[in-house]
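Reader: I am new to this structure and would be grateful for a guided introduction. May we proceed by question and answer?

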Amino acid sequence: MVDELKVLRDQIDEVDQQLVKLFAQRLKLVAGVGEVKSRHGLPIYAPDREAAMLASRRAEAEAQGVPPDLIEDVLRRFMRESYASEKDTGFKCVNPDLGKAVVIGGGGQLGGLFAHLLSLSGYHTEILEKDDWHKADTLLADAGLVMIAVPIDQTVAVIERLPKLPEHCLLVDLTSVKSEPVAAMLNAHSGPVLGLHPMFGPDIPSLAKQVIIHCHGRGEADYEWLLAQMRIWGARLQEVPAAEHDEAMSLVQALRHFTSFAYGAHLCAEGADLSRLLRLSSPIYRLELAMVGRLFAQDPALYADIILSSPRNLAMIRRYHGRFGELLEELENGQRDAFVKQFSAVSDYFGDYADTFLKESRMLLAQANDSRHHSD
């Protein structure tokens, strides 16, 4: 049996070695694609091409008795690597006549990411930090773009501190709240104004498929070039009025961050043995625990600022706290039927999204389970 297994395993190793060579060849071709896209100003992310390619490969796999999901998983992992490598080739400059781009707070992670992308796109980019304000007048005097990437609680103060900018200069902020910063920019600058909220952290390898929300301020025609530039970077743009953005973020960010914080704080207070929880966990709980744990690997001040950025956020958390208490009281009173009825009502509310989320989560769970290493 041992000899038989060795023969088969040697053959598998040979096939794997061939796969590695094919992978290397594919990555070289991808590098060529990135170079062509860079020269012609094509976006990193081409959804129609991606969908068509995956559909073709799935059909070919099925015809050869290979699980289509397996091929799609491999190709999606390849595409993620491809998007990351394509950005290193640089990007076409949409607005070569812009002049200077200044990122205030460009020494930070998010500001640094955008400064890097602007530089890769051929813009003369400079950074202004808090210790550089003595030269702000000179640095900003001939700027074509001023991007503000400072902590939430400092954003409005920095905007109000700006010297007079050139009339044609585009003033942009990257804050996760929008109503106050956009209003402050409109008050401080008579030229074009745009509010941006990147819905990702600064550690992403590529902007491909990442969402950037933009809120109109002033001069749509004068900031369209920046939207086009971000599309070339691969971003998916979503336009939302500032007030609607802030209302949605109470759920998308503030409430979710707070519930993760509260669950982590509860685990800490209970003295839960994390290593034991992980050993005993199903893939879904491990993934949920990972989403909580990742919060505590990041800057606590950032999350405090997000949650405290608006009274609306605290009101939302308070309403959630109230509903949590009501549902708990029903369970304490043994109202099983009430729980089932509420569950069904929420299921109806989610509708088709429930099945969509179930399918998406199955893929995530499979990936999470694949990455586990059991030494016992």
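Author: A salt bridge is taken to be a side-chain nitrogen of Lys or Arg within 4 Å of a carboxyl oxygen of Asp or Glu. The model is predicted, so local features need pLDDT of at least 70 and side-chain atom pairs count only at pLDDT 80 or more, while totals for chains, interfaces and linings use all residues. Residues are numbered from 1 along each chain as its sequence is written, and side-chain values use heavy atoms, with hydrogens and water left out.

Reader: How many salt bridges are there by this rule?

Author: Side chains of opposite charge can pair when their charged atoms come close. By the rule above, the count comes to 12 salt bridges.

Reader: Which side chain meets arginine 76 in a salt bridge, and in which helix does that partner lie?

Author: Helices (H or I, at least four residues) and strands (E, at least two) are DSSP runs, numbered from the N terminus. The side chain of arginine 76 meets that of glutamate 50, with 3.2 Å from N to O. Arginine 76 lies in helix α3, so its pairing with glutamate 50 ties together parts that are 26 residues apart in sequence; the partner's helix is α2.

Reader: Is glutamate 50 buried or exposed?

Author: Buried means under 20% relative accessible area, exposed means over 50%, and partly exposed lies in between (1.4 Å probe, protein chains only). Arginine 76, at 34%, is partly exposed. Glutamate 50 has a relative accessible area of 7%, and therefore counts as buried.

Reader: How many residues apart are arginine 57 and glutamate 60?

Author: The side chains of arginine 57 and glutamate 60 meet in a salt bridge of 2.7 Å, N to O. Arginine 57 is partly exposed at 30%, and glutamate 60 is partly exposed at 38%. Both lie in helix α2, about one turn of the helix from each other, and their separation is three residues.

Reader: In which strand is isoleucine 104 found?

Author: Isoleucine 104 is buried, with a relative accessible area of 2%. Contact means heavy atoms within 4.5 Å, and isoleucine 104 touches residues including Leu128, Trp133, Val146 and Val158, not counting residues up to four places away in sequence. Isoleucine 104 and valine 158 are 54 residues apart in sequence and 8.8 Å apart in space, C-alpha to C-alpha. The strand that holds isoleucine 104 is β1.

Reader: Why do the buried residues of α7 line one face of the helix?

Author: In α7 (residues 179-188), Pro181, Val182, Ala184 and Met185 are buried. On the other side, Glu180 and Asn187 are exposed, and the cover over the buried residues includes α6, β4, β5 and β6. The arc is that of the directions from the helix axis to the C-beta atoms. The buried residues line one face because, seen down the axis of α7, they fall within an arc of 160 degrees.

Reader: What share of the residues in the chain is buried?

Author: The secondary structure of the chain comes to 15 helices and seven strands. Along its principal axes the C-alpha trace spans about 80 × 65 × 35 Å. Of the 376 residues in the chain, the buried share is 36%.
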